Amino acid sequence: MSLLTPDPGLVIWMTISFGIVVLILAKFAFPSILKAVDKRTSYIEGSLKSAREANEELAKVKETRARILAEAHKEQNAILKETARIKEEILQEAHVKASQETENMIAEARKQIHAEKDQVLRSIRSEVTIMSVSLAEKILREKLGNDKEQLNMIDRLLDEIEISKS
Amino acid sequence: MKHILFLIVLFTFSAANYAAGGEALDINVSNTTTEEELNVKELILDHLADSYEWHLFSSKKRDVTIHLPVILYSKTSGWNMFLSSKLHNIDNNYRGFGIATDGKYKGKIVEILASGEEMRPLDLSITKNAASLMLSSLMLIIIILGVSQSIKRDPLKPKKGFTGMMEIFILMIIDEVIKPAIGEDYKRYSPYLLTLFFFIFFNNLLGLFPIFPGGANVTGNISVTIVLAIGTFLVINLTGSKKYYKDLFWPDTPVWLKVPFPLMQIIEIVGTLTKPFALMIRLFANIMAGHAIVLGLTSLVFVTVSLGSAINTSMTVISVIFTVFIDFVELLVAFIQAYVFTLLSSVFIGLAREKETENGNKELAVEKLAEQSNHLELKR
């Protein structure tokens, strides 16, 4: 069975060939391939990681944006409400003030009118007094121009007194 | 699928025609010369064995053969170097050397002593297998170095085409075979194991390729597989862990098994030898069997020539279909055997690298892997 017995010559050639192949490939070819593949693997992993990080960052940014927006909305609402309130208040105040002012003015005007009326009345009264006095003087002077008249007058007056006494 | 069927049919017809032509030729020949019976067994064994020349092809006029250099050292005449064509003279003798026609050294060069005895000199001839080995080694070095250069030039860019395919191969072997079997320091061994894988795979494929530079039965030759097995044996036993050597020379068994008569030690040492031995036989037998089957099926065409053209044609059809089928199977086997050799080498290295703690795990993994490889073989 020559098939099953190793042939020394071929064994030697095989040792030499295989040895050279192993030396060259295991020294120069495969380590550099493995290194390159490792490098690529780590590069891809790094890229994936950074992409994931970027995504996370983006999500965070989005969240922050949403939060800021919500906050701004809230603030806006609050400001609007406050503004409305202040407006209302100012209006109210203005209203109150205006009515007060008006009242004051009316009161003032009334007072003034009163005072002026008094004055006018007083002056009218004094005028009327003077006029009536002078009128009375005139009438008296006319009526009591003669003696008889005077005596009649005295009599009547006396009668009147007597009636009132009785 | 359709295309493949079409090709098979086409190939079948052309082969049948060829066989018919051969028949016509045979009749002519048999008229002039003596009947020449085709000896299939001889043909197959001739192919499986090594030879001193590389037969490329024959045409009707002549055979085209490369005569390879013969290098011999004999005790009587020292170093001898000549082309094997010198041996093809009438008396089959050149400087006292000739190719033995039968006996123990059949097909090998022997020295014919004055007493008429045949003696085998130290034969360092570049035989067909040796030449094929050198060629394939050179091709393998060129291919792998080319791939590594191409990858190194721009490591970050994923490769396309052939380089990409080789890269997938390399990564597959590393990720599925070397890493799980060896564990953490797999990087130290992966260059050797990858070389092993591609060496076997490339030579297997080259053996399936029927024309030059393929066609030699390199990995189906025990001289080749023995060197591969010895390589693995050396790697296993020179880089083992402390525990490995301890288990080898002082295993955890009752003392009486070890001390007066070193039974366990003998068993363990035989165990270390059987592992590479199994590797050697497995690769050799599988590839050789594949070549034998393909050759046998092909010879069916020529064996049945004498049985008439109807039988011959139908047998040709069967032969071609079977040969194509077996060739596909052999393609698979070429890969599987390279894979299994690498896998088992990695597992044995991993076992020898084993630390004290992770005992059970490794054993389980090994059993699983061994089962897997057995399964693959059974499938054939």
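**Close-ups of a two-chain predicted model**

Asp247(B) pairs with Lys243(B) in a salt bridge, with 3.2 Å between the closest N and O atoms. (A salt bridge here is a side-chain nitrogen of Lys or Arg within 4 Å of a carboxyl oxygen of Asp or Glu.) This is a predicted model, in which local features need pLDDT of at least 70 and side-chain atom pairs count only at pLDDT 80 or more, while totals for chains, interfaces and linings use all residues. Residues are numbered from 1 along each chain as its sequence is written, chains are lettered from A and ligands numbered from 1 in the order in which they are written, and side-chain values use heavy atoms, with hydrogens and water left out.

**View 1. Asp247(B) and Lys243(B) sit in one helix, α7 of chain B.** The two are four residues apart in that helix (residues 242-249), so about one helical turn separates them. Helices (H or I, at least four residues) and strands (E, at least two) are DSSP runs, numbered from the N terminus. Asp247(B) is partly exposed, at 22% relative accessible area, while Lys243(B) counts as buried at 12%. The cut-offs: buried is under 20% relative accessible area, exposed is over 50%, and partly exposed is in between (1.4 Å probe, protein chains only).

**View 2. Asp7(A), Arg120(B) and Asp123(B) are linked in a salt-bridge network.** From chain A, Asp7(A) reaches Arg120(B), with the closest N and O atoms 3.0 Å apart. Within chain B, Asp123(B) also bridges to Arg120(B), here at 3.3 Å.

**View 3. Asp38(A) and Lys187(B) form a salt bridge, 2.9 Å from N to O.** Asp38(A) belongs to helix α1 (residues 8-143) of chain A and Lys187(B) to helix α5 (residues 186-208) of chain B, so this pair joins two chains. Both partners are partly exposed: Asp38(A) has a relative accessible area of 33%, and Lys187(B) has 47%. As a general point, side chains of opposite charge can pair when their charged atoms come close.

View 4. Contact means heavy atoms within 4.5 Å.

**View 5. Tyr189(B) sits in helix α5 of chain B.** Tyr189(B) counts as buried, at 3% relative accessibility. Leaving aside neighbours within four places in sequence, Tyr189(B) is in contact with Ile182(B), Val235(B), Thr239(B), Ile349(B) and Arg353(B). With Thr239(B), Tyr189(B) makes a side-chain polar contact of 2.8 Å. (A polar contact is a pair of N or O atoms within 3.5 Å; within protein, one must be able to donate a hydrogen and the other to accept it, and residues adjacent in sequence count only if both atoms are side-chain atoms.)
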